[in-house]
Amino acid sequence: MFIEKITMEELKRGLKNCKSIIIPFGSVEEHGPHLPLSTDTIQIIEILKIVEKEVNVFIAPTVHFGVCRSTEQHIGTVGISPNTLRLLTLDLLEGFKNQGFEYFFLVSGHAGKLHMFSLIEACESFVKRHDDVRVFVYSELDLIKDNLDGIIETEHDSHAGEIETSRMLYIDKNLVKGNYRKLKSDKPEFFPGEITSDKLKYWKSGIWGDPSKANIEKGKKTLALSAQKLIEIIKKIQKETI
Ligand SMILES: [Zn+2]
């Protein structure tokens with residue numbers, strides 16, 4: 001159940017049988033010259049539409065902004081700081097706990113390290129405050145990265161490449177602009193361990209992977225795979241608690 005679509009009464013009734021909530025996270029971030037700035041948000045919502053049909057779980061409105069580091073200088077990227085995301089996440093966790101939720105699944109369509117660490121840090125504070133909750137944090141891409149053989153051809157494809165281009169083609173081909181088949185495979189060339197303020201110098205294209213290998217079928221399969229992983233996790237946790 002998407003919380004933004006239900007009433008106070010429906011939430012009250014639903015909470016009698018279900019104390020699980022998914023809190024989704026996205027980003028406003030460059031996704032190459034061909035994909036929308038909200039790609040991460042669009043794909044996580046699509047995954048959760050599948051999850052919603054299979055599991056009794058509430059789904060919070062998506063937190064649309066995230067922490068973006070390597071893309072922060074590209075046009076279109078508007079991030080928030082790790083501190084802001086941590087405080088916001090903690091407030092949301094407390095807010096949903098006050099409503100009666102006990103099981104929290106934070107699922108992100110954006111997989112940046114600092115972004116994920118901020119979510120984890122917020123959850124660490126939350127579980128220290130409360131011993132009657134269970135909290136889980138996932139980047140949906142990390143959930144499926146070891147299961148992409150036979151679906152995705154590009155090794156380490158992660159940003160605006162084969163996976164995300166395929167997904168946008170599947171969700172709505174009009175979301176993919178220009179001729180993605182002519183785009184070149186690319187990846188960032190940051191010196192290992194270096195923290196640099198000039199990120200564009202090492203990664204102009206904003207593509208990490210190979211968009212030219214994208215197709216609709218790959219999009220459908222990788223979205224379904226992420227949904228399946230989440231369904232399995234939530235069902236397992238819910239079974240443990242019955
Ligand atoms: Zn993305």
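Why is the arrangement of the four donor atoms around the zinc ion irregular? The angles that these four atoms subtend run from 52 to 138 degrees, which makes the arrangement irregular; four donors count as tetrahedral if all angles lie between 85 and 135 degrees, four count as square planar and six as octahedral if opposite donors are over 155 degrees apart and all others between 65 and 115, and anything else is irregular.

The model is predicted, with local features needing pLDDT of at least 70 and side-chain atom pairs counting only at pLDDT 80 or more, while totals for chains, interfaces and linings use all residues. Residues are numbered from 1 along each chain as its sequence is written, and side-chain values use heavy atoms, with hydrogens and water left out.

The zinc ion has as protein donors His 31 (NE2), Asp 40 (OD), Glu 164 (OE) and Glu 164 (OE), at 1.9 to 2.7 Å. Donors are N, O and S atoms within 2.8 Å of the metal (3.2 Å for Na, K and Ca); water is not among the atoms, so sites may look incomplete. Along the chain the donors of the zinc ion have the spacing H-x8-D-x123-E. His 31 is in the loop between strand 1 (20-25) and helix 2 (39-54), and Glu 164 is in helix 6 (residues 162-171), so the pair ties together parts 133 residues apart in sequence. Helices (H or I, at least four residues) and strands (E, at least two) are DSSP runs, numbered from the N terminus. His 31 counts as buried because its relative accessibility is 0%, and Glu 164 is buried at a relative accessible area of 5% (buried means under 20% relative accessible area, exposed over 50%, partly exposed in between, with a 1.4 Å probe and protein chains only).
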